[in-house]
Amino acid sequence: MKKMVYFFGKGKAEGHSKMKELLGGKGANLAEMTNIALPVPPGFTITTRVCDEYYKSGRKFPAGLSEQIDKNLAKLERVMKAKLGDNKNPLLVSVRSGAAVSMPGMMDTVLNLGLTDKSMIGLAKQTNERTAWDAYRRLINMFGDVVMGVGHERFENAMTALKKKARVKLDTDLKVSHLKELVKKYKSLYRKHTGENFPQNPKVQLRKAIEAVFSSWNTPRAVKYRQINNITGLLGTAVNVQTMVFGNMGATSGTGVCFTRNPSTGENVFYGEFLMNAQGEDVVAGIRTPLPIERLNDYLPDCYEELLAIKDILEKHYKDVQDFEFTIQNGTLYMLQTRTGKRTGLAAVRIAVEMVKEKLINKETAILRVEPSALDQLLHPQFDPKAAKKIIATGLAASPGAASGKIAFTAEDAERRAELGERVLLVRRETSPEDIGGMNAAVGILTSTGGMTSHAAVVARGMGTPCVAGCGVLHIDAKSKTMKVNGKTYNSKDWLSIDGSTGDVMADRVPTVEPELSGQFSTLMKWADSVRRMKVRTNADTPEDSKVARDFGAQGIGLCRTEHMFFEGERIWAMREMILADDKKGRLKALRKLLPIQRRDFVGIFKAMKGLPVTIRLLDPPLHEFLPQDQKAQREMARRLKISVKDVQVKVAQLHEMNPMLGHRGCRLAVTYPEIADMQVRAIIEAACAVKKKGIKVLPEIMIPLVGTVNELSFLKARARAVAAEVIARKGVRLKYMIGTMIEIPRAALTADEIAAEAEFFSFGTNDLTQMTFGYSRDDVGTFVPHYLATEILPRDPFQTLDLGGVGQLVKMGLERGRETRPDLKVGICGEHGGDPDSVKFCHNIGMDYVSCSPYRVPIARLAAAHAVLEEKN
């Protein structure tokens, strides 16, 4: 019989840290901590493979699992010298989830399992009456909520009512008599909403709890979290059954969550929080605001010193920041879990660089430690220090960054309004795992309770979303959709701003400025640049964008879209005049007005790039996009161009296309109206000559878009060469330039060997290539792709991450066939995929020369290209 359950305890475990795929992250690390002699309460782990089989068999236990659970439970009882459900010496266990990839708070946990009316007597004798009754009411609550679907708020409302009746503020102020009354009320609620009594057989409790943890793998919040974080290919969750230790046994007991370094800033200081006389869920749920970990020294100095020593042991053993949970029972410290600590992008960079200096890791490991997408957080704007700020409250700086948005009081409201394009700030008393969709949609998160390790703080840091937590002066009422502070009431129409780096909450919108990047960021980028082989360019249409990209390390422009230049200011009228012209003579007249404008733009871009290559795409969109579609704008156009409104409307109607994406655009426009392309080539070459005369190196690359046949390229290349030769001869300048094409039509990829005979470079336009390969309109995918992602018909949005099985194969084929004809063919990519880390790695693997992306994604692409080299080695 295959092994489905792995035991750990008393200094020896059947698993270890490299078994995460099978035991889940929590189970593997519990085994590892046991093996390195840390104080871990014994238990056993049911594998992720069992979860997979559970679903495949119609939510039934695989054959032999019950027997293996019973065998390991008996072993646990022997080790602990206690028995599940016993009335003299009861064994209590926790039942927790644990996937191979950490998903904080997304799946379910049940604590104090094994308590019954009978075993309550034994627990009270072992501990004290208050601890026993408190543990029992917690079990009924968690079991009812997690296992049987009785909403947690029903139990919470009963608790609130009792505290009000007893005139106390905290749960810990309730007396034994109150807790007895609460258990009675909880049992009544359980019976009312489930139709059955709370189970008095502890083995029934255990089986149902294990099934509930398996079921939590596919709850909406867990599925949503995996979608948001692109977690795919896992078997399911493991289940960890572990001996309970109690942090709610009085003044010498407590519980906490810690990080070996600050996960927000990366500073090498012990970071965490704890609560005295509490159980673990009290800290992470944000229901009580905990104390900073250094205060533990005031309560239990011996335990604090032991915790400091364990912190160092963990970090040296794992060689990475650890996020761990502990419980202290009557002055004895126990470790309940450890995992790699989620951190902000800022912290990730600092930790990686400093750990190299501390000789914990090498440079290659440091590069791999920072996820490329995490760098996006460092590039977020910050509040302008010179701007006026009306600070209305200050909470805990839980996740850095600046955010301004209108208040949303529920996750559902945040998702709905964000889909409509509104910037929303999620404002909650505390967040729960069910809020994951709204947390992802919001620009920032603000809570009135909870600490630095609460659910809101941990998830926000992992997402890179600004968060202020534990802002106790806020009175938030989700039902009335109001927030009161300092006598003023705010509602969903009001703007708030939060600074996740300081904890400040401000009224109204606050202006932002671009961030200043740290020295550690520069160090990491230098290490990445020394490793990567593929170059990184930028998509930029203005000198300003070009300069920003250069400052971020761009090695040229991979896509300059000339059509964007025509929409600015008064130049749109010259463009419209050209479109409305009745003949070539009229078009040439209008193009003569556009020539100096285009030339000036190109001069600015060439100067900004200072000798780096610049790929300029000739006009791509259909002409109707430049014409006004509404009557008011059409009347204005007729007035300016001194023609009738009817003439304008006739032209608009003539240019209308049923499917403009596949219509008269790109190279088809240039073939039909070659004078447009001639003007653009002239502007490019004249600008290049002017810049070169000033002693600045210039490398223009003229890109002809939407080529589907080699004959289109041959025709346009010949005209471009003739225009360029005439300008170069007239200017008396020696100038090197290249002519290539954008591969964005499947036929172009299939006939790339023919096209390469004419093209000196290929740039894959993967936005259009994805549209045409899938047959999806990029403008309309919002109606069905989200459903495809939710049902895993598609693993990723193909417009965000390159579809390797289809579009990727066309790209690979196009590159290989092109280089068969022209071995020195320069090949790059300039779609949005050029800044997506997974797509960048694919481009490296097939041998591209460069990727091109928006200026703010250049650092991400640089780091991803370095990851590709190092992952290749490993």
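Over the ring of which residue does the charged end of Arg 576 sit?

## Charges over rings

The charged end of Arg 576 sits over the ring of Trp 573, 4.8 Å from its centre. Another such contact involves Phe 61: the charged end of Arg 207 sits over this ring, at 4.0 Å from the ring centre. These values come from a predicted model.

## Aromatic pairs

A pair of aromatic rings is described by the distance of the centres and the angle of the planes. Searching the whole structure gives 18 aromatic pairs. One of them joins Phe 143 and Tyr 190, with 6.5 Å from centre to centre and 35 degrees between the planes. This pair is tilted.

Phe 143 belongs to helix 5 (residues 129-147) and Tyr 190 to helix 7 (residues 176-194), so the pair ties together parts that are 47 residues apart in sequence. Phe 143 is buried, with a relative accessible area of 0%. Tyr 190 is buried too, and its relative accessible area is 0%.

## A stacked pair

Phe 270 and Phe 324 form a stacked pair, because their planes are at 20 degrees and their ring centres lie 6.3 Å apart; planes under 30 degrees apart count as stacked. Phe 270 is in the loop between strand 9 (254-259) and strand 10 (271-276), while Phe 324 is in strand 12 (residues 322-329). The pair links distant parts of the chain, 54 residues apart. Both Phe 270 and Phe 324 are buried.

## A ring cluster

Phe 143 and Tyr 190 also belong to a cluster linked by ring pairs.

Technical notes: Residues are numbered from 1 along each chain as its sequence is written. This is a predicted model: local features need pLDDT of at least 70, side-chain atom pairs count only at pLDDT 80 or more; totals for chains, interfaces and linings use all residues. Side-chain values use heavy atoms; hydrogens and water are left out. Rings of Phe, Tyr and Trp (its six-membered ring) pair if their centres lie within 6.5 Å; planes under 30 degrees apart count as stacked, over 60 as edge-to-face and the rest as tilted. Helices (H or I, at least four residues) and strands (E, at least two) are DSSP runs, numbered from the N terminus. Buried means under 20% relative accessible area, exposed over 50%, partly exposed in between (1.4 Å probe, protein chains only). A charge sits over a ring if NZ of Lys or CZ of Arg is within 6 Å of the ring centre and within 35 degrees of the ring normal.
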